[in-house]
Amino acid sequence: MMSIKLKPDRIVIAAVPLFAGLEPSAEEGILASAHVKRTPKGESVFDQGGLAETFYVLLQGHVKDVQITSAGQQTVVRYVNPKEFFGCASLMGIMHYPTTALAVKDSVILSWSAAEMMRLMRCHPSIALNALEGVGRQLMDTLSRTGAAHSERVSRRIARTLLHLVRTS
């Protein structure tokens, strides 16, 4: 995975809900501290069990978070769409990533160290509030899918999943 310093362009940050409500100068500062990761299809962004040291925002492409069982089976936990954040375990006091993030398509990803993202959240509390809202949405989505998985027929679950993917793409 190649990592290079991103040249500031605040339009990139302005479109990401995590950074909603920030002044242009704040957006420029956030970009100045960001790195871009270009991740080819099929490559991992981070691995389950790896040290949770980095926070990510997907700019382009698609990423899936999967949990790998001891038997080697993959369970898709979440699909990440452009403008969404992922890999936030480091901000919650979790030492190791609970999932593996795999690029489903060639992807472009912004990243910050956990320490840098915590500094940004202290300087710009709206980032922390937006992150909390985003985690809440992710939790509600997970609860909805888990409930459906246990109560619906397989054909209906597949249809619901396909509809969800179309709506969020």
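This is a predicted model: local features need pLDDT of at least 70, side-chain atom pairs count only at pLDDT 80 or more; totals for chains, interfaces and linings use all residues.
The protein chain has five helices and nine strands. Read from the N terminus, the elements follow the order β-α-α-β-β-β-β-β-β-β-β-α-α-α. Of the 169 residues in the chain, 36% are classed as buried. The accessible surface amounts to about 9,700 Å², and carbon and sulfur atoms contribute 59% of that area. Among contacts with a separation of 6 or more, 74% involve residues 24 or more positions apart.

Strand β4, which spans residues 54-60, is mostly covered, with five of its seven residues buried. This strand pairs with two others. With strand β9 (residues 107-113), β4 forms an antiparallel pairing over six bridges. Within that pairing, Q60 is placed opposite V108 of β9. With strand β7 (residues 85-86), the pairing of β4 is likewise antiparallel and extends over two bridges. Here Y56 has F86 of β7 as its bridge partner.

The loop between β6 (74-80) and β7 contains N81. Despite this loop position, N81 is buried, its relative accessible area being 5%. Because buried is defined as under 20% relative accessible area, the value of 5% places N81 in that class. The side chain of N81 also takes part in a polar contact of 3.2 Å with the side chain of H62.

Helix α2 covers residues 24-32, and its buried residues are A26, E27, I30 and L31. Viewed down the axis of α2, these buried residues fall within an arc of 135° and therefore line one face of the helix. E27, on this buried face, has a relative accessible area of 6%.

Three salt bridges are present in the structure. Side chains of opposite charge can pair when their charged atoms come close. One of the three salt bridges joins the side chains of R10 and E27, with an N to O distance of 2.7 Å. R10 belongs to helix α1 (residues 10-14) and E27 to helix α2, so this pair ties together parts that are 17 residues apart in sequence. The two partners fall into separate accessibility classes: R10 is partly exposed at 34% relative accessibility, whereas E27 is buried at 6%.

A further salt bridge links the side chains of R78 and E84, at 3.3 Å from N to O. E84, by contrast, is partly exposed at 28% relative accessibility.

The side chains of E116 and R119 likewise meet in a salt bridge, with an N to O distance of 2.7 Å. Both residues lie in helix α3 (residues 114-123), where a spacing of three residues corresponds to about one turn of the helix. E116 is buried at 17% relative accessibility, while R119 is partly exposed at 36%.

Conventions: Residues are numbered from 1 along each chain as its sequence is written. Side-chain values use heavy atoms; hydrogens and water are left out. Buried means under 20% relative accessible area, exposed over 50%, partly exposed in between (1.4 Å probe, protein chains only). Helices (H or I, at least four residues) and strands (E, at least two) are DSSP runs, numbered from the N terminus. Two strands pair if DSSP finds at least two bridges between them. Contact means heavy atoms within 4.5 Å. Accessible areas come from the Shrake-Rupley method with a 1.4 Å probe; for residues, only the protein chains shown count as cover. A polar contact is a pair of N or O atoms within 3.5 Å; within protein, one must be able to donate a hydrogen and the other to accept it, and residues adjacent in sequence count only if both atoms are side-chain atoms. The arc is that of the directions from the helix axis to the C-beta atoms. A salt bridge is a side-chain nitrogen of Lys or Arg within 4 Å of a carboxyl oxygen of Asp or Glu.
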